Amino acid sequence: MNIRRRIVIVVGMFALFTAAVMLWAPTVGSTAISLTRAFDRSIPWDANVDAQIFFVARLPRVLAGALVGATLAAAGVVLQALLRNPLATPFTLGVSAGASLGAMLAVTMRLEFGLLGVTSIPLASFGGSIVATALVYALAVSQRRGLSTNVLLLAGVTLNAFFSALILFVQYIADFAEALRAIRWMMGGLDVAGYTPIVAALPFVLLAFGTFAMMPRTLNLLSVGTDAAAARGVEVTTAQRLAFFSASLATGAAVSLGGPIGFIGIIVPHLVRLLVGSDHRVVLPASALFGASFLVLCDLAARIVMAPLEIPVGVVTALIGGPFFLWLLVKRS
Amino acid sequence: MLDLLWADNVSFRYAAGAPLVVDGVTVRLASGALAGILGPNGSGKTSLLRLLSGTHTPTAGRVLLGQRPLDQVSRREAARQIAVVPQETELAFEYSAIEIVLMGRHPHLGVFAVEGPDDVRIAEDAMAATGTAHLASRSFHQLSGGEKQRVVIAAALAQGSGVLLLDEPTASLDLGYQLEIATLLTRLNHERQVTMAISTHDLNLAASICRELVMMRDGKVIAAGPTADVLTPDNVRRLYDVEADVHINEASGHVAVVPVRRLR
């Protein structure tokens with residue numbers, strides 16, 4: 001049994017699939033384009049319509065989908081291990097509700113500000129996610145030494161409900177057009193204008209993924225139990241803190257980019273576990289890769305199924321992912 | 001004999017203001033020892049084991065690993081010398097038995113390292129020693145209580161540490177498995193010279209395999225020493241508020257304890 005080889009092969013297969021999806025997705029749409037022509041450097045840029053459609057119109061959206069999908073799926077894996085709860089999602093701990101409230105306030109209060117080319121809604125939503133993360137963490141450490149994952153879970157669920165109530169309240173007093181705009185944001189959307197928002201979210205996501213990369217064996221041990229993990233040499237509280245903050249930061253960045261797209265963070269990790277087992281050294285990278293390709297495919301469906309009308313991508317993830325997951329579950333048992 | 005692990009007058013409470021669950025306890029584990037920590041439920045056995053393994057830090061007193069205070073040893077290094085078998089292992093996700101055992105290699109691996117052939121061989125040896133080699137690819141969830149406990153012991157062995165702390169290793173097992181685990185622990189102590197401390201409320205288990213005993217009640221040690229000296233009707237009464245007949249089988253050296261009636 002060679003463990004390294006197995007990890008490389010399985011993750012490599014997921015990587016190939018994701019790369020294929022990401023290359024193919026930008027070629028699909030109302031105008032057919034050819035990949036060869038898009039990448040042909042001998043045609044001048046101004047004359048190369050295929051390249052313009054590929055790089056300007058479609059690729060940013062595919063990259064945004066990949067980034068958001070990978071982040072939500074990986075954050076889901078990390079939080080499920082941290083909370084020892086397969087039902088946890090990146091949104092369980094209040095991050096998305098905080099982000100939504102931030103976005104809601106930015107829309108209804110007509111806040112117009114920007115930073116390095118990033119507009120007010122993503123900035124406000126990222127701010128909201130940071131506030132929510134800080135609140136939940138403060139509650140979880142207030143009670144006793146170390147970090148209580150039970151309090152973390154309860155505080156997150158309560159904060160979710162509290163923020164949701166605030167969102168409804170703001171929505172109720174806002175005018176109709178603003179409320180509609182905020183609701184559309186909450187359904188999720190990857191129609192980013194250019195590369196700037198992606199580049200803005202990237203550092204936070206990379207920081208989180210760098211942390212994730214050090215954690216797979218620790219996550220295995222945490223999912224066996226905190227006592228067992230400590231006895232095997234894991235600094236449990238440090239590991240829990242790292243897992244919580246990196247997953248929350250990444251989720252906040254992903255939500256500010258694509259809105260709170262549901263379902264990815266729970267369905268992708270479970271699907272991957274059904275296929276490859278529970279070793280986080282495989283599950284974590286494979287989920288990130290599959291999360292990326294899954295969201296890109298869902299967004300593609302959102303674009304073309306009812307074209308020229310677009311379906312919100314958050315609706316599509318559950319519509320496609322739900323039955324697919326149930327089919328896999330039933331087939332396996 | 002050299003003290004490998006020494007709890008020196010340790011006390012512990014879980015939170016400020018909470019009662020002491022371990023109260024001025026001194027325990028010395030010599031190299032090669034097979035010691036039992038005996039006491040009723042809630043007597044502080046598990047907490048004492050957590051102090052001995054360094055996963056909890058004493059409120060007062062200190063634990064020494066060799067010559068060094070345990071709280072100055074990193075978790076990783078402590079884990080290379082002390083392994084723990086918890087009372088119950090409840091997995092959040094499905095792992096195979098060999099995956100569980102390989103997790104024992106964690107303190108020997110760098111951050112990005114993957115278990116190599118040596119680690120796999122050590123894990124397979126540990127499974128062979130605990131009679132679980134045939135279960136390697138089975139899902140841990142689907143194993144019986146006794147099989148699970150033996151796999152967890154194998155994981156602790158794979159950790160390659162000289163000290164093994166076991167928390168109620170037979171508590172949820174039926175008679176056959178209890179015997180199996182008892183035999184296994186005795187054998188590991190003999191063959192691999194693993195130093196062991198076993199917490200238990202099972203007098204017969206303690207009597208049959210432990211060479212020395214520490215009796216704990218309400219966080220305090222009420223008696224300690226060689227099993228034959230400590231396991232007296234008088235001590236058993238003080239420990240459990242139970243009147244008991246204590247028989248020593250001269251031929252086998254086994255001690256049998258038969259509870260007669262509850263006092264109070």
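This is a predicted model: local features need pLDDT of at least 70, side-chain atom pairs count only at pLDDT 80 or more; totals for chains, interfaces and linings use all residues.
Residues are numbered from 1 along each chain as its sequence is written, with chains lettered from A and ligands numbered from 1 in the order in which they are written.

Let's start where the chains meet: 26 residues of chain B are in contact with 27 residues of chain A (contact means C-beta atoms, placed from the backbone, within 7 Å). On the chain B side, α2(B) gives the most, with three residues. That side splits into 14 nonpolar, six polar and six charged residues (nonpolar is Ala, Val, Leu, Ile, Met, Phe, Trp, Tyr, Cys and Pro; charged is Asp, Glu, Lys and Arg; the others, Gly among them, are polar). Helices here are DSSP runs of H or I with at least four residues, and strands are runs of E with at least two, numbered from the N terminus.

Next, look at B:I122, B:A123, B:A126, B:M127 and B:A129 in α4(B), which meet B:A154, B:L157 and B:A158 in α5(B). The residues of this contact are eight nonpolar, no polar and no charged.

Now for the sheet. Six strands of chain B line up as β6-β7-β8-β3-β9-β10 in an open sheet with mixed pairing (two strands pair if DSSP finds at least two bridges between them). Its edge strands are β6 and β10 (220-226), each pairing on one side only. Inside chain B, β7 (residues 163-167) and β8 (residues 195-200) pair in the parallel sense over five bridges, and B:D167 stands opposite B:S199 in β8(B).

Technical notes: Two residues are in contact if their C-beta atoms, placed from the backbone, lie within 7 Å.
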